Amino acid sequence: MSWSGFKKAVDRAGTTMRQKTGSVNRTVDDRFNQEERRFRNLEAKSEDLHRQARGYAEAIREMSLAQIEIAKSISEFTGDTTGELSLSTRRYLQVVEELEMDSKSVLGEDFSATVLEPIGRYCSYFSEVDKSIKKRNRKLLDYDAESAKARKMASKVGDDRFSQYDGPGNQAQEVYEALNQQILDVFPKLVDARVDIVDPCFEAMLKAQYKFAQDAYGRLAAISQDFPPMEAQVHIDGRIDEVLGEMRSLTICGLV
């Protein structure tokens with residue numbers, strides 16, 4: 001930071017302190033404050049949407065990898081046998097590996113291009129506006145400080161000589177009001193742009209989820225034909241309970 005910048009920072013800090021004590025008036029712009037609240041609300045929602053969408057894509061990726069690990073673990077039980085279960089486990093491993101590859105495309109590159117990147121670019125605009133807001137607030141402090149100086153000087157020299165001391169105040173006011181208006185003009189444009197960003201991204205996200213889920217259902221449904229229908233599940237559950245009961249009755253279980 002240059003010496004000039006450092007001096008301005010110190011002067012503005014002093015102005016802020018004097019405003020807290022009431023020795024310097026604080027300019028209140030109700031319209032700007034209202035628009036800024038809307039801006040902050042939209043900023044928080046947009047950044048949360050971007051974070052959640054990114055988390056969703058990462059979760060699908062992790063789930064796909066977990067499915068492969070489960071398939072590999074199940075395959076360890078069947079080995080290289082030629083039984084019906086062994087064939088099903090190999091088919092399952094092949095299917096989840098294909099789904100993992102699809103997830104890289106549908107919920108990877110495509111999802112990033114149609115959902116994550118547009119929302120990310122939209123969120124980047126907020127940081128640029130935020131920089132302008134901070135600059136506007138600094139200029140407002142300068143304006144309030146100059147106004148306080150002008151009023152103090154006017155009380156000393158009288159109103160008839162006030163104009164010659166009000167030059168810096170007028171200049172600070174012009175700078176502040178110009179920047180303030182620029183930001184006020186940007187606020188509604190940024191709010192309105194959410195429709196052109198969020199709606200297409202939501203549609204793209206929905207289609208990507210549907211395609212991935214539809215492909216997964218179709219491939220896994222084909223493997224499910226290798227197993228008994230759902231009405232036979234009661235018999236299977238009963239058989240599992242019976243086997244577990246026999247294991248509990250073993251003498252070795254009583255040694256624990």
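Modeller: Buried means under 20% relative accessible area, exposed over 50%, and partly exposed in between (1.4 Å probe, protein chains only). Glu-35 counts as buried here, at 18%.

Colleague: What kind of model is this?

Modeller: It's predicted: local features need pLDDT of at least 70, side-chain atom pairs count only at pLDDT 80 or more, and totals for chains, interfaces and linings use all residues. Residues are numbered from 1 along each chain as its sequence is written, and side-chain values use heavy atoms, leaving out hydrogens and water.

Colleague: Which residue does Glu-35 meet in a salt bridge?

Modeller: A salt bridge puts a Lys or Arg side-chain nitrogen within 4 Å of an Asp or Glu carboxyl oxygen. Glu-35 meets Arg-38, at 3.6 Å from N to O. Arg-38 is partly exposed at 44%. Elsewhere, Glu-128 bridges to Lys-131 at 3.7 Å; Glu-128 is partly exposed at 46%, while Lys-131 is exposed at 52%. Asp-215 and Lys-211 also meet, at 3.2 Å. Glu-36, Arg-40, Glu-43, Asp-130 and Lys-134 are linked in a salt-bridge network. The whole structure has 13 salt bridges.

Colleague: How many aromatic pairs turn up?

Modeller: Phe, Tyr and Trp (six-membered) rings pair with centres within 6.5 Å; planes under 30 degrees apart are stacked, over 60 edge-to-face, the rest tilted. The search finds five pairs. Phe-32 and Phe-187 are tilted, 5.6 Å centre to centre with 50 degrees between planes, and both are buried. Phe-39 and Phe-187 are tilted too, at 5.4 Å and 40 degrees, so that pair ties together parts 148 residues apart in sequence. Phe-39 is buried as well. Together with Tyr-122 and Phe-126, Phe-32, Phe-39 and Phe-187 form one aromatic cluster.

How values were computed. Helix = DSSP H or I, 4+ residues; strand = E, 2+ residues; numbered from the N terminus.
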